[in-house]
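Trainee: I would like to go through the terms used for this model and ask what stands behind each one.
Mentor: Go ahead; take them one at a time.

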Amino acid sequence: MVTIGKYFGDYPALTCATNGDKVFIHTPHKLSESCRPQSANVGGDVSLLNINQKVSSICAGNLNPSLDYDVLMVGTDTNLIAYDIAQNMDLFYRETPDGANAITFGTLGSFQDQLAIVGGNCSIQGFDCEGNDQFWTVTGDNVRSLALVDFDKDGHKELIVGSEDFDIRVFREDEIIAEMTETETITCLHPIDECKFGYALGNGTIGVYERASRSWRIKSKSHAVSIHSFDLNNDGVPELITGWSNGKIDVRNESSGEVIFRDNFNSSVAGIVQGAYTQPGNDQLICCSVEGEVRGYNSLTPQKGQTLMDINVEQEMIRELTQKKQTLLMELKNYQDNLSQSQKPLTEEFDKPGSLIPVNTQVETELSVQPETQESPAHVLLTISTNNDTIIRAVTIFAEGIFDGESHVIHPNANRLSSSLKMPLILPKDTPVDAHVKVLVGYKNCVHYHVFEINRFVPRFSMYILCSQLPVPEPEGYVKFTINDRVQRVCIWINQNFLLKELLQAGNNLHLSFMSMRNQTPLLFKMDQFKQVIIQTDDLDVAGNIVQSLATYLKIEDLNVAAHFPEELKSLNALIEKVDGLNSMRQTLTAGIADHSNLIRSMVVRAEDTRLIGDIKAMKQGYTELYHLNQDLLRDYNIRCNNHTELVSCLKQVNLVIQKASRLRVGKYKTQVVTACRAAIKNNNISALVKIITTGAS
């Protein structure tokens, strides 16, 4: 891990975490006794900090505006340390039971103070310069990356959060204002310009979002270790810089993704930062490898450095034009082959005119819900067919989050070719999917095939089948609220988000019964003439998804609900009791370990005294007791480690329940639930927690 900070005034120092639980600070300037750079120093000065815990994240920033230098934040699995490098002292030391997987600095929303924002195990915290907890909220899974961006151009920065559940969430303070679903864990986020930010996924994908719409993305066989934004070509617009696990560094145009510069390390990139490292007043791009190699890059100027970029751009242009030439030549050859085939006389054996298909050939798609059978699990069936006797030779489907990769190819056996083809789709989550389908159409004797491209939208709640005849048991859990919209608009939302055999017609009220094909649980949707909506399900997550989707469609800004989920609340009570027990055990074990450590310290002194005076018998006895005591200490420590692992797992589940409960509400009520739940947990007030989740009251 790599960061850079101005710990000594205007002179940045490179800061890196090592595999040996250490953090080193390097500056290329010679430092005086007052820690102020005086002059250039060959080799520079290196300071080493022993953290004695596995470092999970580091970040440097100006946490206290009254100071003219930065502080270093070091996160571990259990603690957060704010360290003043210049004064060689801790500013504060906080326990973070949820861990510190990612750290960023800045002002968030209407908060006036600079905050160190820490992402951990399903939770996000913001600390001020004194270590006070100013901000707290929950998110869907473990946080892997954070960035501050003015997402909605209102002059205040929003927090972009990437987590392990493949979602990018945008927080305006503690309110989620946007969610984007990706195909893998979001490992890196970085602001680029205004409302643009870059992202990287665990499967090697990088790209750029402008607000909630993706501008572009590319995928590599390697995975991106670090991303950054820097104006390398000096055109006034920052580029996206990416460091890869194979040692490659590429610079891409932020609007198109086109590569404009490349370089390579001999080992994986560790991090990319920027600062006036060797040239005061002139920011440089600094790239570090895992083996300790550091390279700096200056922005191009008209007088210096232009040649390298020009050569690179020229080579890229030649490569692209050559590729276009090959594509056009291949296309021309295909047309010539088709023409020669079409001019051949028709025979019984060769009864179709070459590769030419009828002009009116069309490819049609249809989606249907298929329940579970002995031969196959429940799925959404995509049927692709042509409108004549042409056959489908192959189909390629590009879709996010459905397949193991991002695409799936169907290539039927030559003996089973027909004008229709069926493809089962299993949707793991309730998210809408935009499937891009490429269909190869022709005749059996064709050498070349025509490619039809189709976009098919798979609705969000496609994995629910409408039960119109069979009685469905009513779940105990429900969500109840009132809206100001007509039944007709709700019917339109249902038609767009569920797969129905026939479009739903609006009446005075609604009473629909669905069955989830994932776990065979019922879902009931009711709406009466008084505009009261009741969603009956025992799954808190499903209820939240439906409320959020309906509120987005109807453009509801604030919505509170009455909720009743007895099974979820019972599980939450058990979790909180378990957390209390684990915390008590942890305190007992910590006290026991401290007593053992003090006793061992005194016994070592006594044993050494007996050795010095030559009392061998007493010395042997002392070291034997010391050995057994040390074994007890190791056993207690292992128990404490297991206790901590279990505690972190329980806290994650508690945070997830709070997040699910907040998704039942919209706007200010959503924020209110998160804040009130946290206060109730801090005060160990279980009855208040249950009331908050049920009614949404603070």
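Predicted model: local features only at pLDDT ≥ 70, side-chain atom pairs only at ≥ 80, totals over all residues.

Trainee: What makes Arg 489 partly exposed rather than buried or exposed?
Mentor: Arg 489, which lies in α2, has a relative accessible area of 27%. Buried needs a value under 20% and exposed a value over 50%, so 27% makes Arg 489 partly exposed.

Trainee: How do you know that Arg 489 makes a polar contact with Asp 485?
Mentor: The two side chains come to 2.9 Å, and the cut-off for a pair of N or O atoms is 3.5 Å. Beyond neighbours within four places in sequence, Arg 489 is in contact with Tyr 553 and Leu 554.

Trainee: Which residues of α2 are buried, and what do they pack against?
Mentor: The buried residues in α2 are Val 487, Val 490, Cys 491, Trp 493, Ile 494, Asn 495 and Asn 497. They pack against α3 and against the strands β37 (510-516) and β38 (522-527).

Trainee: Why is α6 called roughly antiparallel to α7?
Mentor: The axes of α6 (residues 668-682) and α7 (residues 686-695) cross at roughly 170 degrees and come within 8 Å. An angle over 145 degrees counts as roughly antiparallel, so α6 has that relation to α7. The crossing is left-handed. Val 673, Ala 676, Cys 677, Ala 680 and Ile 681 of α6 meet Ala 688, Leu 689, Ile 692 and Ile 693 of α7. The classes of this contact are 9 nonpolar, no polar and no charged residues.

Trainee: At what angle does α7 pack with α4?
Mentor: Helix α4, residues 566-612, packs with α7 at about 150 degrees, and their axes are 11 Å apart. This crossing is right-handed. Leu 569, Leu 572, Asn 573 and Ile 576 from α4 meet Ile 686, Leu 689, Val 690, Ile 693 and Thr 694 from α7. That contact has 7 nonpolar, 2 polar and no charged residues.

Trainee: How do you know that Tyr 464 is buried?
Mentor: Tyr 464 has a relative accessible area of 2%. The limit for buried is under 20%, so Tyr 464 is buried. Tyr 464 sits in strand β35, residues 464-466. Not counting residues up to four places away in sequence, Tyr 464 touches several residues, including Val 369, Asp 430, Phe 498, Phe 514 and Val 542. With Asp 430, the side chain of Tyr 464 has a polar contact of 3.0 Å.

Trainee: And what makes Ser 289 buried?
Mentor: Ser 289, in strand β26 (residues 284-289), has a relative accessible area of 6%. That value is set against the limit of under 20%, so Ser 289 counts as buried. A polar contact of 3.4 Å joins its side chain to that of Ser 267, and the cut-off is 3.5 Å. Leaving aside neighbours within four places, the contacts of Ser 289 are Phe 265, Ser 267, Ser 268, Val 269 and Ala 270.

Trainee: What share of the chain is buried?
Mentor: Of the 698 residues, 49% are buried. The chain has 7 helices and 40 strands.

Conventions: Residues numbered from 1 in each chain as written. Heavy atoms only, no water. Helix = DSSP H or I, 4+ residues; strand = E, 2+ residues; numbered from the N terminus. Buried < 20%, exposed > 50% of the residue type's maximum accessible area, 1.4 Å probe, protein only. Polar contact = N/O pair within 3.5 Å; in protein donor to acceptor, adjacent residues only side chain to side chain. Contact = heavy atoms within 4.5 Å. Axes fitted to C-alpha atoms, helices over the stretch in contact; angles between N-to-C directions. Parallel < 35°, antiparallel > 145°, perpendicular 65-115°, else oblique. Left-handed = near helix turned anticlockwise from the far one by under 90°. Nonpolar A, V, L, I, M, F, W, Y, C, P; charged D, E, K, R; others polar.
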